[in-house]
Structure formats: C-alpha cells, structure tokens
Amino acid sequence: MTHWLPDLSDTQGPLYIRIADKAEEDIKSGALPAGTKLPPQRDLAYDLKVTIGTISRAYALLRERGLVAGEVGRGTYIQTGLASGQAESHRDPVTLNYGGTRTLSPPPGKLRFDTTAAVDVGQADIVGQLMMDIAREQPGEISSYTRTLSPDWLEAGRRWLGNGDWSPNPANIVPQLGVHAGVNAVIAAISGTGDRVVCEHLTYSQIARSASLMGRQIALVDSDDEGILPEDFEHVCAREHPKAAFIMSSGQNPTLSCLPLTRRQAIVDIARKYNVWLIEDYIYGGLIGDGIPLLAQLAPDRTFLLNSLSKSVAAGVRGGWVACPEHMSQRVRVTQKMVCGGLPFLLAELSARMVLSGAADDIKAKVIAEFSAREEIVRTVFAGCEFKSHPRLPYFWLKLPEPWLSGTFKQAAFDAGVLIDDEDEFKPARSSKVFHHIRAGFSEGADREISTVGMITLRRLLDQVPLGNSATM
C-alpha cells in the first residue's frame, strides 16, 4: 500500500472531485503505477482532515472513470493496463444497464400499458396538413440546417409553458426535441463530471440514466404522498452538495403527487441557500392545470422549466421547450447541439404552428377527454383496490396486495399479454425502499375497448394468488 497524500492547495471545486482529479493526474504521470493499493478510506480521510464520505465519493468517481477497482475487504487498486500518460485510452470498459426494466424492442401482440403518450384522437390529419404547408412555404429551410431561432418558436414556447396568467420571457426559451432531450441539455449546461443531481426514490428514471451516461451521480431524496420532503431535501443538499435537482412538481411520474405551494416555497428557499439549480419537468402538470405557482414562478433565477407536446398532443412530433434563467438560454442552446445534434427545422416549425394556430389546444382538450373516460374505467375495474389516478392523466399507480411483488406481477402480466412497468423502472439509483406498486398506462391506441380489455386482464390477475414466481391467466 502506497502512503499517497494528494496536495490540494492549488485546486478548486468540491473536495471529492479534487481528490479524484489528483489521483488521476498521478496515475497518468506514473506516480501511482498499476497495481498500487490506495490508502484505506478512513486513513486518507484522517490525513486530509475530511469526512470518510468525501473519500468514498472520490474513490467512487475514480471507479466510474475506470481508473481503479476494488473489493470489500481487499481495498482499492489502480487498474492494470494503464500505462503512464495513457490512462484515458486504456481504461477498462464499464458495462452498465441504462435501459431500465423495459425491453428495448417490445414483442408484438402485447397490449402496451407501459406508455403514457398522447392518445390517438385523429392528430395525424392536422399534422399532415401542417407539414405539407411548411414544405410548400419554406422548402429552403427544410433542405438546410437550423441556424436561427424563429420568434414564432419562442412565442409558442411562452404560451405552452405558461401557467394561468404567468408565462416566461420568450428571450429565455430554447425549443427542444421533447422534455427528455431538454433535460439532458440542461444537465450538460449546468454541471460537470462527478456532479450530483437530486432525484426522488421514484421518478422518471431515464433522466437519471442519461445523467449517468454523462458522468453525473444521483443523490436520492425522500418523498411522501405530497412529493419531496423539504427537510430531507435540505439534508441531501448539505451532505451531498448537488448541482441540480430534477423535480416533477405536479402529476409526478409514477406516484401522481403534486407539491403544495408551501413545499414549493420551502424547496426554492433551500435551493437558494445551497446554490442548487432546479429542473422542473411540467409535462404532466400541464395536463392537470392545477394553477399552483410553478417553481419557475417562485425562483425564475435558478429554475429550468420544461414541457412538451408528447403527453397532451402528439409524442411523435417531439416538440418541446425549456425556459431558462436569465442569461442561460444561449448556454443551453449550445449544449443541446452538442448532446442532441441540434434542432430539426421541420419539427420545430410544426410544433410552433400547432401551438400558435390553436390546433394543439384543440387536440389537448380531446386527449384529456379521452384520458378522463379511460380513467373512469380504471375506477370501475379496480374498485376496492388501493391505487392513485387522476382524470386528466394517462396512468395509475397500483398498490399490489399480498403476496404479489412488483417484478413478479409484471412478469405475470407479460405472460397474460399486457406490458406494464414495475416499480424498479422508476428507481433512478439503488434504493433500499420497496413500494410493492406497479404503474399502468392506458393511452395506447384509439380504441377504448382494447384499453378496457387490458384493465380487466390486470384486475383478474391481481385477484389471483401467484404460484411460484408468476401466475398465468
């Protein structure tokens, strides 16, 4: 074991990143050759006068960079095959599953209760006509790259991101390829490798997987039926020093929680205290329209607000917008191009025309009406069961009775011809919490009767006693 003690006097930034950077520097220079055992975390923490948690995070970051390997009881060692000055190109690849619990290519013949896209209410005719109009009127733009932002695109974003009488400044808006791509661009703009992003124990976890691909780490915060617990959020901020927090303020996916105003104000105050950016995903909140002031209204100086057409109008259009804090829109626009390859003119123009013409609002009203009709069926079919739903949202959060487990029920539903999501699909990081829930969406297809068949199948399955690891219908 080497008595390694990094000199941090000329470094800046979070301690754990500075320690990891110094270790990487010494590995590249040969000062820490392959096979060297790093000091035990407790010893290095004592020598540097820092907490063990800081050293643990530094060592974890080195593992993510592929520079060290370790086993419980043996210690942490510099990876072999890292020649001096060539650590970057010889890192051992790390194989991680970023896909969640869903299959990448769903098998045919299954009812899709694992999607919450806007239901088919005949959008194709409107979309087709608008696309023909765009191709006829602006053929030169279609054949070229997008180099400017049309004022109409920004105005459409202002309207779609608005909440009651409030709307963001169009100058701070950047059109996006949906909310997911927008969040990726924001994370890339405001954080660096090793920085932490706060997520709830259950959330739209593909954001966390994307952040992990970019080298960010996830810090988990506790919630209850009303959403994030401010006291735990402050505890996480003080302990983990996150750069940002990803929050679905209304219609949280998958739990359907809506943060009350008092909690929103508390979260904003904590974010200001610890200098944490807020990323507010309002894709379901826009459907609910509860009128509660957004985090972006309470803290426009540190909140990125996102919404899109995917759940309320047409997911295939991939139209969305992010309203940024003052002076951050250009930075997000640059990272959007780096992360997503830029914005297609056709989709940006189509999204703007749908909003500005009123077509998006008309479609949204029809979509919500269909969601409400299907949610009524949920209430009828699952009467007597413990679940959460909302008449304007396309999914419900179902508590499983004994002895069902989330993964077991998902497999049984698959065997019965229905694709649903188990709770692990929504866990952004390893969590000791077990909820015994599944999420089922009901927006697939234009035929309400098919959706009803899927619900009845799930209810019949729910009432069965599982035999072994699964049950069949």
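**View 1. Lining of the largest cavity in the predicted model.** Pro175, Gln176, Leu177, Arg318, Gly319, Gly320, Trp321, Leu343, Pro344, Leu347, Ala348 and Ser351 line the largest cavity, a cavity being a set of points on a 1 Å grid over the protein atoms alone where a 1.4 Å probe fits but cannot get out, with lining residues having an atom within 4 Å of a point. The space in this cavity amounts to about 50 Å³, where grid points are joined across faces, edges and corners and a volume is the space filled by probe spheres set on the points. At least two lining residues come from each of strand E4 (173-176), strand E12 (320-323) and helix H14 (345-356), and H14 gives the most, with 3 residues; helices (H or I, at least four residues) and strands (E, at least two) are DSSP runs numbered from the N terminus. The lining comprises 7 nonpolar, 4 polar and 1 charged residues, with Ala, Val, Leu, Ile, Met, Phe, Trp, Tyr, Cys and Pro taken as nonpolar, Asp, Glu, Lys and Arg as charged, and the others, Gly among them, as polar. This is a predicted model, in which local features need pLDDT of at least 70 and side-chain atom pairs count only at pLDDT 80 or more, whereas totals for chains, interfaces and linings use all residues. Residues are numbered from 1 along each chain as its sequence is written, and side-chain values use heavy atoms, with hydrogens and water left out.

View 2. Asp224 and Arg263 meet through their side chains in a salt bridge at 2.7 Å, N to O, the term denoting a side-chain nitrogen of Lys or Arg within 4 Å of a carboxyl oxygen of Asp or Glu. Because Asp224 lies in strand E7 (residues 223-224) and Arg263 in helix H10 (residues 261-273), this pair ties together parts that are 39 residues apart in sequence. Arg263 counts as buried at 12% relative accessibility, while Asp224, at 33%, counts as partly exposed; buried means under 20% relative accessible area, exposed over 50% and partly exposed in between, with a 1.4 Å probe and protein chains only. Glu226 also forms a salt bridge with Arg263, with the closest N and O atoms 3.6 Å apart. Glu226 lies in the loop between E7 and strand E8 (227-228), so its pairing with Arg263 in helix H10 ties together parts that are 37 residues apart in sequence.

**View 3. Surroundings of Ser443.** Ser443 lies in the loop between strand E17 (437-441) and helix H17 (448-462) and is buried, with a relative accessible area of 3%. A polar atom of the Ser443 side chain lies 2.7 Å from the backbone oxygen of Ala117, and the backbone oxygen of Thr115 lies 3.5 Å from a polar atom of that side chain. Leaving aside neighbours within four places in sequence, Ser443 is in contact (heavy atoms within 4.5 Å) with Thr115, Thr116, Ala117, Val119, Phe371, Arg374 and Pro394.

Technical notes:
1 Å grid on protein atoms, 1.4 Å probe; cavity = no way out; pocket = protein on both sides within 12 Å on 5 of 7 lines; lining within 4 Å. Polar contact = N/O pair within 3.5 Å; in protein donor to acceptor, adjacent residues only side chain to side chain.
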